[in-house]
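Subject: Structure for you to look at

Hi,

Here is the structure I promised to pass on. Please open it next to this message, and have a look at my notes below it.

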Amino acid sequence: MRVGIIGIGAIAQLHIPALLNAEQDIVALCDIKLDRCLKAIEKFELKAKSYEDYKEMIEKENLDVVHVCTPHHLHAEMICSALDHNVNVLCEKPIAINYEQLDMIKASVEKSSAQLGVCQQNRFKASMQYVKELFDGEEITAGSGYLCWQRDKNYYLSEDWRGQKETEGGGVVINQALHTLDMLQWFCGMPKSVIAHTSCDTLKDIINVEETAFAIFNLPNGGRFILNATNSNTFSFPITIMLHSKTKNVVIVDDNIIYNGQFVTRSDGLPLFGKEVWGVGHIILIKEFYGALAEGRKFHLDFEEAQKVVKLLLALYESEGKEITIRG
Ligand SMILES: NC(=O)c1ccc[n+]([C@@H]2O[C@H](COP(=O)([O-])OP(=O)(O)OC[C@H]3O[C@@H](n4cnc5c(N)ncnc54)[C@H](O)[C@@H]3O)[C@@H](O)[C@H]2O)c1
């Protein structure tokens, strides 16, 4: 398929090899910093055109798919622009940073003949799939997700959109812990409300978003899941997810699972194309997305699925210690 990518920064360095691995034809790259397109064309030996204006790329290139790999606040307008031209979109997380953007995307999804897929890639990992099957048909009544990472001054100063509410939409929750929240929701179901606290403790002079968050999500079955997330450590530990049902206790750390006291490993067995923390989920997700398009199937990590985590984190941000109902 004819593919164009918007935003040739860090994560595009993973989309490109994953697309080549899926034998897709990258025909155009777009970035407001044009040199990033030229460097990527050279690095990956692509026969692709470069654009500074994504609208021009969509209009001129007769694309089948556009990948959106830009800062958070730009996702919604880029998704809508592609869908309005009936071009399929694979967008990086999060699809939106506020409810207005969610509504805008919903309207474009409903009008378009093209599909929207979203990179919430951890759902595709073998360890997560294994645990999802373990709990199939069984109600989870307690969950916990713990992310304890390092994102220091240099990280936030590396790109001007990072650490700013207007462009990133938030801090550790919308960026790093979005995946943990997505997994908790995928396993436990959609909560009805949240009570949360957020703070910025070590980088107050640099960022205007939260570095740390603690959130209690109330499930319709009377159970809860809890998110603990911080970017303030001096080392990034592996994320831990814990789940409990009537008959099962599960702890997940990377590919390793402790299931009722027994140690199980479920590895994806795929080469790592990017940073270790990004994992191999993109490779699987991109193959599945293109498989769905080629066979005319609906890709299941679509707008309906991706909007759930956005609604959870927007309610979390609104909370400031009060119980907030999650929007339907
Ligand atoms: N799924 C994951 O695990 C994962 C991991 C890392 C990043 N991401 C997501 O990928 C996205 C990009 O993150 P990144 O780390 O690559 O950021 P980045 O800053 O490294 O790259 C973003 C690129 O977009 C370009 N850009 C900005 N405005 C543009 C515009 N109007 N038109 C075209 N290009 C424009 C920038 O010049 C930059 O090169 C974010 O949504 C981020 O959350 C996801």
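What follows is a short tour, from the overall build down to single residues.

First, the ground rules. This is a predicted model, in which local features need pLDDT of at least 70 and side-chain atom pairs count only at pLDDT 80 or more, while totals for chains, interfaces and linings use all residues. Residues are numbered from 1 along each chain as its sequence is written, and side-chain values use heavy atoms, with hydrogens and water left out.

**Overall build**

The protein has eleven helices and 15 strands; these are DSSP runs numbered from the N terminus, with helices being H or I of at least four residues and strands E of at least two. Its radius of gyration is 19 Å, close to the 20 Å from the globule rule for 328 residues, so the protein is as compact as a globular protein of that length. That radius is taken over C-alpha atoms, and the rule is 2.2 Å times the number of residues to the power 0.38. Along the principal axes, the C-alpha atoms fill a box of roughly 55 × 45 × 40 Å.

Of the 328 residues, 56% are buried (buried means under 20% relative accessible area, exposed over 50%, partly exposed in between, with a 1.4 Å probe and protein chains only). Taking contacts (heavy atoms within 4.5 Å) between residues at least 6 apart in sequence, 68% join residues at least 24 apart.

**Aromatic pairs**

The whole structure holds seven aromatic pairs. Rings of Phe, Tyr and Trp (its six-membered ring) pair if their centres lie within 6.5 Å; planes under 30 degrees apart are stacked, over 60 edge-to-face, and the rest tilted.

One to look at is F124 with F299, a stacked pair at 6.2 Å centre to centre and 5° between the planes. The two residues are 175 apart in the chain: F124 sits in the loop between β6 (116-119) and α6 (126-134), and F299 in the loop between α10 (281-295) and α11 (303-319). Both F124 and F299 are buried. In W186 and F187 the ring centres are 5.6 Å apart with the planes at 45°, so this pair is tilted; W186 and F187 are both buried. Ring pairs also link F124, F289, Y290 and F299 into a cluster.

**Helix α4**

Which helix is largely enclosed by the rest of the structure? That is α4 (residues 75-84), because eight of its ten residues are buried. The buried ones are H75, A76, M78, I79, C80, S81, A82 and L83. They pack against β1 (2-6), α3 (54-60), β4 (65-68), β5 (88-92), α5 (99-111) and β6. After α4 comes N86, with a positive phi near 55°.

**Backbone details**

Between K93 and P94 there is a cis peptide bond, with omega about -10°; P94 is in the loop between β5 and α5.

Two glutamates are worth a look too. E23 is not a glycine, yet its phi is positive at about 55°. E23 lies in the loop between α1 (12-21) and β2 (25-30), and its relative accessibility of 71% makes it exposed. E320, also other than glycine, has a positive phi near 45°. E320 is in the loop between α11 and β15 (323-325) and counts as exposed at 65% relative accessibility.
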